[in-house]
Amino acid sequence: MNQRAHSSSSSETATPFDDLGVAVSRHEPLAHHTWLGLGGTAAYFCEPIDSDALGRVVKRCHEQQIPLRMIGGGSNVLVPVAGFEGMVVRLSAPGFCGIDVQRPAIIAGAGAKLVHVVSAAVQAGLSGLETLVDVPGTVGGALVGNAGGHGGDIGERVADVTVMLADGTTEIRDRSRLAFESRWSNLDDCVIIGCRLELDEEDASLLTKRMQKQWIVGRSTQPSGTRTVAMMFKDPLGTTAESLVAQAGARELRAGDAAVYAAHANYVVAGPHCSSDDVRTLVETVRSRVREKLGIELTPQIEVW
Ligand SMILES: Cc1cc2nc3c(=O)[nH]c(=O)nc-3n(C[C@H](O)[C@H](O)[C@H](O)COP(=O)(O)OP(=O)(O)OC[C@H]3O[C@@H](n4cnc5c(N)ncnc54)[C@H](O)[C@@H]3O)c2cc1C
């Protein structure tokens, strides 16, 4: 079944959020909000205008035990065809997307696009984020997964993170309370609102050249700009998922209209009739093949909801 973005259905059914003064939609097609344009619907969806509104929604979810998920650029999540029976929140309002240069730091909202933060830093002559220029998604998503590449990751530059807890209150977590590892952080128990990134002063024109070079190298080694591909696995220590998939002879595998991307074996490419369940099946099939042939357990990068 092709489940790319389609028009949302309206429903007049009451929701548990009706008294909060927040526009909540029902049966929101999450395909509108994921990188691959795939996935079923969310029972509830909202884009709060500020922290107060966000707090009311978060608190209500906690009180009524309604599962809550945040979505940023949707470049690392896979929503099943069956959808998500809970509330999905996207921090798209301007108040969550700010980028403020406070030399030598940058304060960035969780909803800001990572590439915009990198560009702002480079223009201001602040280095430390250039290697992230080709990572799709938002600051929030990047912090949760400690986004990065061979040149470094975002966690190295984080001074503090402002988060919201389940009761709707906010707190600032400084470096001593944060842990970042390869494609992982301990920020998986909260809603991220923003962060402060400590950077280094450097000549803006040199930095711009370095970022451009990084962008060109990134584009030549991975398909970051392509909306039909997504990353399958985390790189294990000392090797790459790409080489393991190739060694296991899994390059030719397919599931429905999902296939291993010919130009880079750690990516899945979604054909025009692909469903998110095809993608999930392919990731599981490739993982099994690598386990059988090489005895290595790959960890999926893409998060299945
Ligand atoms: C083509 C392509 C290339 C990629 N290249 C790289 C790469 O080079 N390096 C790399 O590290 N990754 C890469 N990725 C993976 C992905 O882009 C990163 O993981 C990215 O940081 C995800 O950001 P996002 O905003 O899209 O997060 P989403 O996919 O929307 O969400 C990811 C996770 O973060 C959570 N989340 C999002 N926002 C918040 C918030 N405000 N508060 C709390 N939780 C939140 C979500 O609930 C989810 O658990 C690539 C992906 C694609 C499709």
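Two strands are taken to pair if DSSP finds at least two bridges between them. Helices (H or I, at least four residues) and strands (E, at least two) are DSSP runs, numbered from the N terminus. The structure is a predicted model, in which local features need pLDDT of at least 70 and side-chain atom pairs count only at pLDDT 80 or more, whereas totals for chains, interfaces and linings use all residues. Residues are numbered from 1 along each chain as its sequence is written, and side-chain values use heavy atoms, with hydrogens and water left out.

**Domains**

The protein is divided into domain 1 (18-90), domain 2 (95-221) and domain 3 (229-304), with bounds that come from an automatic or database domain assignment. Taken over C-alpha atoms, the centres of domain 1 and domain 3 are 27 Å apart. Their contact (heavy atoms within 4.5 Å) takes ten residues from domain 1 and 13 residues from domain 3.

Strand β11 (residues 158-164) is joined to β15 by six bridges, and the two run antiparallel. With β12, strand β11 pairs in the antiparallel sense over five bridges. Six of the seven residues of β11 are buried, where buried means under 20% relative accessible area, exposed over 50% and partly exposed in between (1.4 Å probe, protein chains only). T162 stands opposite G194 in β15. M164 faces V191 in β15, and its bridge partner in β12 is T170.

The hairpin of β11 and β12 has five residues between the strands, and G168 there takes a positive phi near 90°.

Helix α6 (residues 276-294) has 19 residues and reaches 27 Å from its first C-alpha to its last, close to the 27 Å expected; the expected span is 1.5 Å times one less than the number of residues. Its buried residues are S276, D278, V279, L282, V283, V286 and V290. Seen down the axis of α6, these fall within an arc of 155°, so they line one face of the helix; the arc is that of the directions from the helix axis to the C-beta atoms. They pack against β4 (77-78), α5 (241-247), β18 (254-255), β19 (258-260) and β20 (267-270).

In helix α2 (residues 114-123), the buried residues are L114, V117, V118, A121 and V122. Down the axis of α2 they fall within an arc of 130°, so they too line one face of the helix. Among the elements against which they pack are β7 (105-109), β15 (191-198) and α4 (204-221).

**Backbone details**

| Residue | Phi | Location |
|---|---|---|
| G125 | about 75° | just after α2 |
| G295 | about 70° | just after α6 |
| G168 | near 90° | hairpin of β11 and β12 |

H27 has a positive phi of about 55° although it is not a glycine. H27 is found in strand β1 (residues 24-29) and is partly exposed, with a relative accessible area of 31%. R183 is likewise not a glycine and has a positive phi of about 55°. R183 lies in the loop between β13 (180-181) and β14 (184-185) and counts as buried at 19% relative accessibility. The peptide bond from R103 to P104 is cis, with omega near -5°, and P104 lies in the loop between β6 and β7.
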